[in-house]
Amino acid sequence: MLSFVLRRLASAVPTLFIVVTISFFLMRFAPGGPFNLERPLPPATMENLMRTYQLDQPLWRQYVTYISNAVKGDFGPSYIYKDNTVAELIGKGLPYSVELGFYALLLALIGGVLTGTVAALRQNSLLDFSIMSLATVGTTIPNFVVGPVLTLVFAIGLSLLPAGGWGDGSLSFLILPMIALALPQLAVFARLTRGSMIEALHGDHIRTARAYGLPSRVVVITHAMRGALLPVISYLAPCAAALMTGSAVVETIFTIPGVGRYFVLGALNRDYTLVMGTVVLIAIFVIVFNLLVDLLYGLLDPRVRHD
Amino acid sequence: MSSRILNLRTAALIGSVLLGTTSAFAEAVLHRGNAGEPQTLDQAHTSINIEEFILKDLYEGLTIYDATGKIVPGAAESWTVSEDGTTYTFKLRENANWSDGSPVTAEDFVFSFQRIEDPKTAAGYANILYPIKNAEKINKGELATSELGVRAVDAKTLEITLERPTPFFLELLAHQTALPVSKASVEKNGADFVKPGVMVSNGAFKLVSHVPNDSLVVEKNPNHWDAANVKLDKVIFYPIDDQAASVRRFEAKEMDLVYNFSADQIDRLRSSYGDQVHISPTLATYYYAFDSRQEPYSDVRVRRALSMAVDRDFLAKEIYSGSQIPAYSMVPPGMETYGEPSKADFAEMSQLDREDKAIELMKEAGYGEGGKPLNIEIRYNTNPNHERVATAVADMWKNTFGASVSLVNLDVSSHYAYLQEDGKFNVARAGWVADYADAENFLALSLSTNETFNYGQYKNPEFDDLMKRSYEERDQAERSKLLHEAEALVMRDQPVAPLLTQADLWLVSDRIKGWQDNAVNEHLSRFLSVSE
């Protein structure tokens, strides 16, 4: 088990390296640069800036400098948010994104598994049909629609919840963004759970359990659920990574100070270092969550053993 | 991080909706929407107005704009100008202090201006202070910073020598780049001098906290010389770049002020909020540049015809819902030192007459129906409003000349990078917002020597000469006359077709007192108060 974890972590290093290298050079293919603003800068100013940020050096040298600094944990200064380093920006924003993403993940997971299970147990009933229709709607309505609608109803119309901001971090500020963030994922979890649950309920071991006269609750929860959760678990990794590294759309709509917007903002403004920083962050989250899920798999599925 | 994780656990337990934030003291707090996250709080790196709003609350330059947008004394209480217009002597206020209580000295200003021009600082707006003697050479690394024409005569007397008379120098000094830094603080803290808890400022407010993309809080600076007249205890800036989100937060009464919202909301907001909706014409011009280097745009007749065929009233009313004003001059109206700008000769015609004249001109030039085909590509930076404008203009040119028009859009960086790097084009959108309230700022865009901003590379020696003479002219009235003549030439030749004078859109809650719309879009919080 331990050696499995160590091996996986070791293999993460070359993965990260490749991700960083590809994004570094892809970024530079985009026309313009961090200092091509709506109001163009005079040549002398541009030169001063390029020199200060070492962007006047050959690309290969910039790459070598970037990599050697990144290894030491220095991801460079942000070109747009000039008072901050990339590490500072991500350090300040990440806790907000993680907290919000974590709640959204819980909501999506619990809500999705519950509704999916109910739908599977009442397969082809009106209830099943309603849940699955809602799930389809949930995946198709983008959160830039859901978010503003929630605000219009609950913040402006009913004045129950704040329209945005993090405030003091209390739950009232989190409810609306959490729902907007969770809804599409909840729908995915519901569909996945329903599908695998139906399959599991038709399994031989379930028929056997039922034949033994075990109560339906026990059959569903202890026997069917265990197998049915496997596809859900494998979706958990990318989903958790996506939710906890922040959503540009939801964070912008609800003015949450997270890291979600940095990738988009960075790319649009050619803030090379900020983009690289968020790419590394997302890559790390994906790698770590995949590892966790693989370990979880081992616990749930006796056929999977890590040694 | 640890407090966040703690929060993560505890918040899960708190199921109920939180009580509103009520404070025990009746603090006067202004909730100020600020259209985006400031990229920096360093006067050497600032370039956009959402930074300006914050920085000018925190710091005070030698001159400032008052609530009506007029230049008045700031940290300097008075000044004298030498006979030849090249030496300014400022008397700093005896009671001008930094937020740590230490006095604001002439030495602080010397240090600040040298810092801006030092090439190592790489200040983005260093060029705005180039009128100061040797500034440009220093910025280009040709002279030492100590050679800058800024000198501390004594602790409270500052002498600034200029390269040449600069009639708009007092306006330049009110720019956020010319705000002072505390020499002691910058020398001690380096780049960290901008951080909350470290920053020492001389404005009406001081920095308390800053959470990127959430809020920036400033509170009244008791050491400010005019603190007795500052009515707000605290200002919270909300950096919200999503215009719809800021409107929603205004509607939810979470913010008192919103800067910039989508023009298509004007009618709806007007009907709900009446005169809390402010549309204030500003010193900014929305224009199309023609590439004068190539056929057919090198032909004055073609440029004039294209410009005349654009129905500016339609753009202003239908696309911007009246939030912008049709423009027929490069210099926007409302400039105190310039007066009524020189408009294009077709400004007074009706749109139908313009179109007839345009068709005639185009025929003379040999293009359009019956002549050589007219294929026009309009380039603009990606933005829904710019797209609507380009689509409408394309339609107008199609209908008037039978032109075939295509649209190309790139994101802001790529669009301007292309134009700056001498990319060839047909017609390109651009905008110009005044750095300082002077006509020269708009007209210099068409100088043949302006390599950066003269996108279409218009070259007119007569125009260049008039501009040159305006720089040397010391008599204000005479100078204004020269500039008007110069503008008349540009409007005759139409290397650029001004389309709209932009307006600043504000939502100003009726809680706020002291608000005045002004063309320079200057709204220091110290002139505002809130009622409850």
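The crossing of α11(A) and α12(A) is left-handed, a term used when the near helix is turned anticlockwise from the far one by less than a right angle. Helix α11 (residues 260-268) of chain A packs on helix α12 (residues 272-300) of chain A at an angle of about 145 degrees, and their axes are 8 Å apart. Axes here are lines fitted to C-alpha atoms, for helices over the stretch in contact, with angles running from 0 to 180 degrees between N-to-C directions. Helices themselves are DSSP runs (H or I, at least four residues), strands likewise (E, at least two), numbered from the N terminus.

The contact joins Y262(A), F263(A), G266(A) and A267(A) of α11(A) to L274(A), V275(A) and T278(A) of α12(A). Two residues are in contact if their C-beta atoms, placed from the backbone, lie within 7 Å.

A word on the model: it is predicted, with local features needing pLDDT of at least 70 and side-chain atom pairs counting only at pLDDT 80 or more, while totals for chains, interfaces and linings use all residues. Residues are numbered from 1 along each chain as its sequence is written, and chains are lettered from A and ligands numbered from 1 in the order in which they are written.

Between the chains, 48 residues of chain A are in contact with 47 residues of chain B. On the chain A side, elements giving two or more residues include α2 (43-52), α7 (171-201) and α11, and the largest share, 6 residues, comes from α4(A). Here are both contacts by class, where Ala, Val, Leu, Ile, Met, Phe, Trp, Tyr, Cys and Pro count as nonpolar, Asp, Glu, Lys and Arg as charged, and the others, Gly among them, as polar.

| α11(A) with α12(A) | 5 residues | 2 residues | no residues |

Now to chain B. In α12(B), V389(B), A390(B), V393(B), M396(B), W397(B), T400(B) and F401(B) are buried (20 or more other C-beta atoms within 10 Å of their own; exposed means 12 or fewer, partly exposed in between, with C-beta atoms placed from the backbone). They cover an arc of only 125 degrees around the axis, so they sit on the same side of α12(B); the arc is that of the directions from the helix axis to the C-beta atoms. The face turned away from that buried side carries the exposed P384(B) and N399(B). Just after α12(B), G402(B) has a positive phi of about 65 degrees.

Back in chain A, helix α8 (residues 204-211) has 8 residues and the number buried is 0, so α8(A) lies largely in the open.
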